[in-house]
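Open the model in your viewer and keep the selection tool ready. The tour below goes from one selection to the next.

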Amino acid sequence: MRYFQPDIETMPLPKLRQLQSERLRRLTAYLYERVPFYKQQLDEAGIRPSDVSGVESLHKLPFTRKHHLRGHYPFGLFAVPQQEVVRIHASSGTTGKPTVVGYTRQDIAVFSEVVARSLVAAGCQPGMKLQNAYGYGLFTGGLGLHYGAELLGMAVIPISGGMTDRQLMLLQDFQPEAISCTPSYAQALAEQLDKRGIGLEKLKLKIAILGAEPWTEAVRQQVEVGLGVDAINIYGLSEIIGPGVSNEDFEEKGSGSYIWEDHFFPEVVDKDTGEPLPEGAFGVLVFTTLTKQAMPLLRYWTNDITSIYYEHSKKRTHIKMGPIRGRSDDMLIIRGVNLFHTQVEEIISYFGHLSPNYQLIVSRNGALDELEVKVEVEPSFHRGLVLAGPWAEAAANNPTLHAMHHELAKKIKDNIGLSMRVSLCEPGSIPRSEGGKLSRVVDLRKK
Ligand code: ADP
């Protein structure tokens with residue numbers, strides 16, 4: 001099985017555009033009629049639904065932003081009567097009220113369909129077992145993967161997140177071929193297998209479907225080696241539907257994730273001006289849900305930064321998106337260069353003796369921005385070091401640390417084009433917040 005829905009996944013672009021345009025026209029009229037917020041938004045922009053001829057008119061329509069969803073908490077943007085809503089999800093909402101989304105039966109069918117497409121792209125087949133280690137609950141990950149995998153004809157093991165002992169037991173006893181979870185949890189499982197001396201020959205795992213947070217090629221390598229799998233990206237957000245808005249194909253790993261654009265029309269726009277950007281340019285990803293019923297959104301500003309591009313003669317005609325570089329609110333501008341801390345993270349992750357615990361400190365010296373990156377060395381490497389006297393001083397004289405320091409500074413300069421002061425430091429020495437979290441960026445320029 002190469003595709004879940006071959007006709008749609010390989011639809012010629014002109015036909016796809018026609019389908020999207022029809023759907024957009026219908027959607028605009030639907031929202032204008034049913035959701036007071038959208039009527040007001042369109043009226044204010046001086047646009048009547050009949051002005052929308054197709055996707056080429058999309059740039060004229062106003063954006064929908066997260067604060068609009070919050071402002072209509074909980075159900076103010078629903079376009080159907082409550083009786084037609086069969087499920088409600090909400091984002092984690094660590095600050096304030098969560099963002100609420102609703103689904104009709106048809107929306108759940110679309111959600112399952114795009115997840116089933118995603119799973120086939122990831123290499124899954126009917127008859128395989130999926131250990132679904134995404135959290136079940138208000139978060140869309142658990143149930144989203146669950147319904148999609150069932151629709152495909154996989155046997156779902158709905159274990160949810162956490163409970164590592166049990167995860168490891170079921171991986172050995174139930175012999176699933178696939179697992180879905182966050183990339184960081186996949187790394188944790190790989191570490192535990194190694195620590196407990198459980199050999200990969202005890203597992204049947206072949207595929208890991210990973211998403212819900214940004215990850216890098218280095219993480220992919222670690223997970224692939226540690227779990228003996230193909231590690232495949234799945235992307236999505238609850239406002240648009242949940243996981244399965246886009247997915248990587250296992251035979252095209254590393255070249256981006258197909259966006260299921262018959263349902264979710266993507267744009268990339270300038271983060272400051274909102275102007276649409278050409279294919280391949282980096283900006284904010286914006287989606288219009290073309291087929292949703294309960295809570296469709298026009299031009300939803302995801303805040304995720306990436307680029308989108310067509311890759312011809314690949315397996316599908318749909319557009320691809322690159323990895324998420326970060327959120328538009330965490331982009332730094334240093335001496336005129338755009339920088340995401342994940343770019344530095346990617347470089348650090350290739351150094352075996354460095355831990356993922358790092359922090360960027362931005363300050364200003366006169367008119368000039370200055371950058372320092374602090375990285376804690378790996379605890380196991382640290383234990384093997386013979387250092388005399390206070391850490392910083394002794395470390396400066398240690399040839400291995402000295403070479404690593406030099407190499408990291410050079411790699412950062414070569415890859416990002418910015419010089420940074422590098423400080424290698426002792427495990428645990430970068431201050432953590434009360435919740436134990438490490439701030440990736442400390443911007444002293446704002447003080
Ligand atoms: P929340 O995390 O706020 O509860 P969601 O679960 O809907 O809400 O999270 C969606 C966000 O998670 C996306 O906007 C994106 O920032 C991030 N995300 C999801 N999948 C990926 C992925 N594969 N790569 C990078 N980031 C991802």
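**Stop 1: the cavity**

By class, the residues around the largest cavity are six nonpolar and two polar, with no charged residue. This is a predicted model. To see the lining, select Leu-69, His-72, Pro-74, Gly-76, Leu-77, Phe-78, Val-100 and Met-295. The space they line has a volume of about 40 Å³. How many cavities of 30 Å³ or more does the structure hold? It holds one.

Empty space of this kind is found by rolling a probe the size of a water molecule over the atoms.

**Stop 2: two helices**

Next, select residues 164-173, which form helix α7, and residues 183-195, which form helix α8. A pair of packed helices is described by the angle between the axes and the distance between them. Here the axes come within 11 Å and cross at roughly 75°. An angle from 65 to 115 degrees counts as roughly perpendicular, so that is how α7 and α8 lie to each other.

Now show the side chains at the contact. On α7, pick Thr-164, Gln-167 and Leu-168; on α8, pick Tyr-185, Leu-189, Gln-192 and Leu-193. These contact residues divide into four nonpolar and three polar, and none is charged.

**Stop 3: the two domains**

Finally, zoom out and colour residues 1-328 as domain 1 and residues 332-446 as domain 2. The centres of domain 1 and domain 2, taken over C-alpha atoms, are separated by 33 Å.

How values were computed
Residues are numbered from 1 along each chain as its sequence is written. This is a predicted model: local features need pLDDT of at least 70, side-chain atom pairs count only at pLDDT 80 or more; totals for chains, interfaces and linings use all residues. Side-chain values use heavy atoms; hydrogens and water are left out. On a 1 Å grid over the protein atoms alone, a cavity is a set of points where a 1.4 Å probe fits but cannot get out, and a pocket is an open set with protein on both sides within 12 Å along at least five of seven lines; lining residues have an atom within 4 Å of a point. Grid points are joined across faces, edges and corners, and a volume is the space filled by probe spheres set on the points. Ala, Val, Leu, Ile, Met, Phe, Trp, Tyr, Cys and Pro count as nonpolar, Asp, Glu, Lys and Arg as charged, and the others, Gly among them, as polar. Axes are lines fitted to C-alpha atoms, for helices over the stretch in contact, and angles run from 0 to 180 degrees between N-to-C directions. Helices (H or I, at least four residues) and strands (E, at least two) are DSSP runs, numbered from the N terminus. Angles under 35 degrees count as roughly parallel, over 145 as roughly antiparallel, 65 to 115 as roughly perpendicular and the rest as oblique. Contact means heavy atoms within 4.5 Å. Domain bounds come from an automatic or database domain assignment.
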